[in-house]
Amino acid sequence: MTNEQWGAGRGWREATEEALYGPRGFYRRPEGPAGHFRTSVHASPLFAGAVARLLCQVDEALGAPPELAFVDMGAGRGELVTGVLGALPADVAARTRAYAVERAERPAGLDHRVEWCARPPKGVTGLLFANEWLDNVPLDVVETDASGEPRHVLVLQDGTEELGEPVVDGPEADWLARWWPLAGDPGLRAEIGLPRDTAWAAAAGTLERGVAVAVDYAHSRDARPPFGTLTGFREGRETAPVPDGSCDITAHVALDACALPGALLLAQRAALRALGVSGGRPPLSLASSDPAAYVRALSGAGEAAELTAAGGLGDFGWLVQPVGVRARDLLLVDVADDEEQ
């Protein structure tokens, strides 16, 4: 099929929205995200256990409310919310109301305690957790032309790109100037994170009291990648981003731009260690006294190491946003302070 048959190019935000969430979009396919890429949730049940411990911290900070919400944003097929419910102490689980927020249909066999919804509930008290959700909030891409002026990148359905109109003023230009300024060299790219800032503020704003957490591959203003991060994933492998519904389309997140006043920013390895996930090997003496326990502990250490590894899942950023609670009541505060020093 020729490019002319595909039709006119569109901005990456519009094209991605249809490719991921349209009637035949990637995220509506029956195999779900786990059929194409591996997240921390899929890597080990230790991740859900750590999130459950964080929910218990939030519960304590809130004074053990009669109803405690756990909101799983971008829930996939409900893997995280299921794991969290299974890891909670009985007294906390009895007060927890679980929500899975996802555009796809509710999967068969999901725990009956989980409420499946297209949008996060408003006015709840508890923990909203968004694991690899913001990276799939569609955004537009710009590239500097031969004169160094940033222009919208347009894309055809087969992935072919061309440059469109310049970004000279308005909210997008303001966002670029503040969060991702481009030098005058031609060929530089940036991803305009304004839709993600808006989406995060709206999600965190659904909490009456509690904590909202976003976890994603991220970058900061002083280290933006010069050519952007837009990419695709299909069947476990990175691939070219083609907006035809055949692959995931993702880009790293400017979490520092998303952060609201009072937010904490830290690396996943630090956050998980504060929540009890350790990659330390069990003592060799356990191999003699209880070989089965040693094997289980060794397996757990390996999974913990994967979740906290530099150059891998441990490099994910955590954006922790307290809402109406004291940040210092969370153990993660001390870890974030240590990272800044």
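These are my notebook entries on a predicted model of a protein.

**Ground rules.** I count residues from 1 along each chain as its sequence is written, and side-chain values use heavy atoms, with hydrogens and water left out. Since the model is predicted, local features need pLDDT of at least 70 and side-chain atom pairs count only at pLDDT 80 or more, while totals for chains, interfaces and linings use all residues.

**Entry 1: overview.** I looked up the secondary structure and found 13 helices and 15 strands. Helices (H or I, at least four residues) and strands (E, at least two) are DSSP runs, numbered from the N terminus. The protein has 341 residues, and 52% of them count as buried. Buried means under 20% relative accessible area, exposed over 50%, and partly exposed in between, with a 1.4 Å probe and protein chains only. I then looked at contacts (heavy atoms within 4.5 Å). Of the contacts with a separation of 6 or more, 72% are between residues 24 or more positions apart.

**Entry 2: the cores.** Which residues have the most contacts inside the largest nonpolar core? They are Leu 127, Phe 129 and Trp 318, in a core of 45 residues. A nonpolar core is a set of buried Ala, Val, Leu, Ile, Met, Phe, Trp, Tyr and Cys residues joined through side-chain atoms within 4.5 Å. Helix 4 (residues 45-61) gives the most to this core, namely 8 residues. Another core lies apart from it, with 24 residues, including Tyr 99, Trp 200, Ala 214 and Leu 255.

I took Phe 129 as an example. Leaving out residues up to four places away in sequence, Phe 129 touches, among others, Phe 47, Val 51 and Leu 54. The list for Phe 129 also includes Phe 70, Met 73, Val 213 and Trp 318.

**Entry 3: helix 4.** I checked the length of helix 4, which has 17 residues. From first C-alpha to last it reaches 25 Å, close to the 24 Å expected at 1.5 Å a residue. The expected span is 1.5 Å times one less than the number of residues. Among the buried residues of helix 4 are Phe 47, Val 51, Leu 54, Leu 55 and Val 58. Gln 57 and Asp 59 are also on the list of its buried residues.

Just after helix 4, Gly 63 takes a positive phi of about 80°. Ala 64 has a positive phi of about 55°, although it is not a glycine. I note that most residues other than glycine have a negative phi. Ala 64 is in the loop between helix 4 and strand 2, and it is partly exposed because its relative accessibility is 42%.

**Entry 4: Glu 132.** I looked up another positive phi and found Glu 132, with a value near 50°. Glu 132 sits in the loop between strand 5 (124-131) and strand 6. Is Glu 132 buried or exposed? Glu 132 is buried, because its relative accessible area is 17%.

**Entry 5: helix 2 and Pro 243.** The buried residues of helix 2 are Trp 12, Ala 15, Thr 16, Ala 19, Leu 20 and Tyr 21. They pack against several strands, among them strand 7 (150-155), strand 8 (161-166) and strand 13 (248-250).

Pro 243 lies in the loop between strand 12 (237-239) and strand 13, and it counts as buried because its relative accessibility is 3%. Leaving aside neighbours within four places in sequence, Pro 243 is in contact with residues including Trp 12, Ala 15 and Ala 19. Pro 243 and Glu 17 are 226 residues apart in sequence, yet 8.8 Å apart in space, C-alpha to C-alpha.

**Entry 6: the largest pocket.** I looked up the largest pocket, whose volume is about 640 Å³. On a 1 Å grid over the protein atoms alone, a pocket is an open set of points where a 1.4 Å probe fits, with protein on both sides within 12 Å along at least five of seven lines; lining residues have an atom within 4 Å of a point. Grid points are joined across faces, edges and corners, and the volume is the space filled by probe spheres set on the points. The lining has 31 residues, and Met 73, Gly 74, Val 101, Glu 102 and Trp 133 lie nearest the centre. Helix 8 gives the largest share of the lining, 3 residues.
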